[in-house]
Amino acid sequence: MPTEILMPALSPTMEEGTLAKWLVKEGDEVASGDILAEIETDKATMEFEAVDEGTIGKILIAEGSEGVKVNTPIAVLLEEGESADDIDSAAPAKEEKPQAEEAPKADEAETPEAGYGRGATDANDAPPKSDAKAPAAPKDDKGGRIFASPLARRIAADKGLDLTQIEGSGPRGRIVKADVESAQPTAAKADSPAAAKDAAPVTQPAPAGPSSDAVRKMYADREVEEVKLDGMRKTIAARLTEAKQTVPHFYLRRDIQIDALLSFRSDLNKQLEARGVKLSVNDFIIKACALALQSVPNANAVWAGDRILKLKPSDVAVAVAIEGGLFTPVLQDADTKSLSTLSAQMKDLATRARDRKLAPHEYQGGSFAISNLGMFGIDNFDAVINPPHGAILAVGAGVKKPIIGKDGEITAATVMSVTLSVDHRVIDGALGAQLLNAIVENLENPVIMLA
């Protein structure tokens with residue numbers, strides 16, 4: 001049967017995308033690795049490669065189409081011996097329903113298996129050359145269909161594996177090639193409440209406030225400009241709404257005297273000038289946070305639903321404002337890198353973020369984030385945690401203020417206000433205080449960061 005090519009999930013946060021441009025047309029022959037289309041995600045425009053070889057039999061979604069849901073069929077691939085007559089003449093398949101609703105009745109014929117999309121089925125794995133058809137989809141002990149790709153079913157049959165005993169890693173638990181290749185004949189399928197919870201569809205919280213139509217009517221007699229939401233803006237709105245509604249934030253605030261830091265930075269920049277290196281205050285903040293996460297390892301953690309994951313390296317994300325939204329590129333192993341290396345990497349990531357040229361692995365992950373609005377003259381603010389991170393540091397501007405000196409005298413100092421937003425599920429108050437104290441100590445005594 002013809003294979004449906006699915007809208008791929010090109011990033012973990014992608015739920016829909018824009019099919020920006022087709023690079024093939026109906027009748028074109030393609031091989032594994034050929035570029036089929038350009039797809040605009042919530043973060044960037046990325047190329048989508050063919051997994052199997054064959055002929056493009058039908059394009060189901062026109063280029064320029066917005067809001068195409070992940071796993072929606074976008075084209076049909078014909079294999080050798082198949083023709084356009086084999087393609088169902090019906091319109092593109094409707095959006096995939098949850099598993100519980102899509103299982104066929106006992107007397108229904110086996111439907112063609114959905115095709116491929118990176119991260120959705122057997123991406124980057126062409127099927128072996130074989131005339132054998134995939135075995136029929138198996139049933140579980142309740143008679144429900146076990147969802148597996150054709151390639152996974154063929155490999156399972158060859159290896160004598162019971163698909164009902166294999167945990168699927170694809171969408172909604174679909175079993176893919178990697179699952180059966182790594183499985184053993186006695187592998188048991190997880191049946192824990194946590195696994196069931198992870199497999200359940202995620203229900204988005206109901207939107208707060210008046211409806212879109214109600215808001216439009218409210219301002220019907222005013223001059224307004226309607227700005228259409230792109231994928232990035234939709235994702236930011238959804239994720240931050242989820243964060244504020246589901247993450248129990250608490251806030252820790254400190255003032256940091258940074259005169260020693262500014263003087264140290266000035267001396268270093270004079271010595272590094274010949275190498276073309278110029279360190280920013282933000283470079284020192286990144287290093288200070290990375291080292292603090294090593295000093296307080298229990299705070300170097302993320303929330304994983306039914307458990308906490310403690311990270312060994314200090315992977316620090318830094319918010320970068322771009323037109324229409326923001327990125328949070330991640331500096332991996334920031335604790336082990338020199339200030340000049342961090343500075344160069346941060347400049348490169350920020351530049352490519354503004355051009356929307358970052359690869360997904362460059363803005364995913366990390367346990368901790370920094371949001372610095374000091375360059376915009378903001379004294380202090382509270383940042384929203386970016387799940388699954390355990391905390392985020394909001395950094396304000398350095399401002400000259402009167403302070404009480406060590407001997408009780410009134411003097412002036414450059415003070416930078418910071419606020420640590422903390423996920424109370426991951427980090428308790430005392431642990432958060434230890435982390436913030438370690439950050440402050442590093443910034444007020446910058447020489448120790450070079451030790």
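Visitor: What does Arg425 count as, judged by its relative accessibility?

Guide: Arg425 counts as partly exposed, since its relative accessibility is 29%; buried means under 20% relative accessible area, exposed means over 50%, and partly exposed is what lies in between (1.4 Å probe, protein chains only). Before we go on, please keep in mind that this is a predicted model, in which local features need pLDDT of at least 70 and side-chain atom pairs count only at pLDDT 80 or more, while totals for chains, interfaces and linings use all residues. Residues are numbered from 1 along each chain as its sequence is written, and side-chain values use heavy atoms, with hydrogens and water left out.

Visitor: Which residue does the side chain of Arg425 meet in a salt bridge?

Guide: Side chains of opposite charge can pair when their charged atoms come close. Here the partner of Arg425 is Asp423, with 2.9 Å from N to O, and the rule asks for a side-chain nitrogen of Lys or Arg within 4 Å of a carboxyl oxygen of Asp or Glu.

Visitor: Which parts does the pair of Asp259 and Lys400 tie together?

Guide: The side chains of Asp259 and Lys400 meet in a salt bridge of 3.6 Å, N to O. Asp259 belongs to helix H7 (residues 259–272) and Lys400 to strand S17 (residues 391–404), so the pair ties together parts that are 141 residues apart in sequence. Asp259 is partly exposed, with a relative accessible area of 29%, and Lys400 is exposed at 58%. The names of these elements come from DSSP runs, numbered from the N terminus: helices are H or I with at least four residues, and strands are E with at least two.

Visitor: What is the order of the strands in the open sheet that contains S17?

Guide: Strands of a sheet pair through backbone hydrogen bonds, either parallel or antiparallel. In this model, six strands form an open sheet in the order S9-S18-S17-S16-S12-S15, with mixed pairing. Strand S9 (249–257) and strand S15 (330–331) are at the edges with a single partner strand each, so one side of each has no neighbour in the sheet. S17 and strand S18 (residues 410–423) run antiparallel and are joined by 12 bridges, where two strands pair if DSSP finds at least two bridges between them. Within S18, it is Val415 that stands opposite Val399.

Visitor: Which strands stand at the edges of the sheet of four strands?

Guide: That open sheet has the order S1-S8-S6-S3, and its pairing is antiparallel. Its edges are strand S1 (3–6) and strand S3 (29–30), each of which has a single partner strand, so one side of each is left without a neighbour. Strand S6 (residues 54–59) pairs with strand S8 (residues 73–78) over four bridges, and Ile56 stands opposite Leu77 in S8.

Visitor: Which residues of the largest nonpolar core touch the most other members?

Guide: In soluble globular proteins, nonpolar side chains tend to be buried together. A nonpolar core is a set of buried Ala, Val, Leu, Ile, Met, Phe, Trp, Tyr and Cys residues joined through side-chain atoms within 4.5 Å. The largest one has 59 residues, and Phe284, Ile285, Phe368, Leu393, Leu420, Leu435 and Leu443 touch the most other members. Helix H8 (residues 281–295) gives the largest share of this core, 10 residues. Apart from this core lies another, of 25 residues, including Met14, Leu36, Val70 and Ala75.

Visitor: Where is Met449 found?

Guide: Met449 is in the segment after helix H11 (429–444), and it is buried, with a relative accessible area of 4%. Leaving aside residues up to four places away in sequence, Met449 touches Phe284, Lys287, Ala288, Leu291 and Asn442, where contact means heavy atoms within 4.5 Å. The C-alpha atoms of Met449 and Lys287 are separated by 7.4 Å, although the two residues are 162 residues apart along the chain.
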